[in-house]
Amino acid sequence: MMRLFPKKRDFFKMLAEQAVKTEEGMAALRDFIEEVTGEKGKRVEEIEKEADEARRILVEELTKSFVTPIDREDIFALSRAIDDMVDYAKSTVDEMLLFKVETNEYLKKMAQALCESAQHLSLAVQELKRKQKSCLQHLIKAKKVENYVEHLYHEALAELFQSKDFIYILKLREIYRHLSNAADRGDEAANIIGDIVLKIT
């Protein structure tokens, strides 16, 4: 009977759950950057593992499914993009703790912006199935946040390169780059969602 009537997999729900996990990860990153402690860093790492597991399950279900509600390539790409945001959050935490990098206002502003981006992406994914107009509004806001993070990134680098401490420059530049990459993945996710909306409307 299972061969005649294959299990129906709710990929919209799985993507939404993954997006919520990314939102949690960005909020935890913001809290960590506000106050850099090992305990807060551990929370980001825990969420990153949970996010990886959510993606693993989605990909596994995707390989088992013959029919999907939207293009399987879009499901896979969206899942990867939002998961990458959490991966970069973990990289940020790991290197800030390893290199003993202290927080600053640029890091705080970038982390807050990423948190907002993840919130809008999460809402967009949750509304993808039925409320396309609202979904697109969240995408516009998420993309504006990405532009803001990129502006902060270049502003932060310009100030950083005024320092004469070469080691300090190398450390902090990598941290800034992780946050910029996270913003890029958020922008990529927004573009994929936008493409999906066009295909299903």
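Is Leu170 buried, partly exposed or exposed, and what is its relative accessible area? In this predicted model, Leu170 is partly exposed, with a relative accessible area of 32%, and its position is in helix α6, which covers residues 166-200. The points below take up the surface around this residue, the salt bridges and the aromatic rings.

**Nonpolar surface**
- Together with Phe166 and Ile167, Leu170 forms a nonpolar patch on the surface, and the accessible area of these residues together is about 300 Å².

**Salt bridges within helices**
- The whole structure contains 16 salt bridges, among them one between the side chains of Glu60 and Lys64, with an N to O distance of 3.5 Å.
- Glu60 and Lys64 are separated by about one helical turn because they stand 4 residues apart in helix α2 (residues 38-64); Glu60 is partly exposed at 34% relative accessible area, and Lys64 is partly exposed at 43%.
- Glu60 and Lys64 also belong to a network of salt bridges that links them with Glu53 and Arg56.
- In helix α4 (residues 105-126), Glu105 and Lys108 lie 3 residues apart, about one turn of the helix, and their side chains meet in a salt bridge of 3.7 Å, N to O; Lys108 is partly exposed, at 22% relative accessibility.

- Asp71 and Lys199 form a salt bridge in which the closest N and O atoms are 3.1 Å apart.
- Asp71 lies in the loop between α2 and α3 and Lys199 in helix α6, so this pair ties together parts that are 128 residues apart in sequence.
- Asp71 counts as partly exposed, at 38% relative accessibility.

**Aromatic rings**
- Arg55 lies over the face of Phe76, at 4.6 Å from the ring centre.

Methods
Residues numbered from 1 in each chain as written. Predicted model: local features only at pLDDT ≥ 70, side-chain atom pairs only at ≥ 80, totals over all residues. Heavy atoms only, no water. Lys NZ or Arg CZ within 6 Å of the ring centre and 35° of its normal. Patch = residues over 30% accessible without salt bridge, like charges linked within 9 Å, V, L, I, M, F, W, Y side chains within 5 Å. Areas by Shrake-Rupley, 256 points an atom, 1.4 Å probe, with all protein chains shown as cover. Salt bridge = Lys/Arg side-chain N within 4 Å of Asp/Glu carboxyl O. Helix = DSSP H or I, 4+ residues; strand = E, 2+ residues; numbered from the N terminus. Buried < 20%, exposed > 50% of the residue type's maximum accessible area, 1.4 Å probe, protein only.
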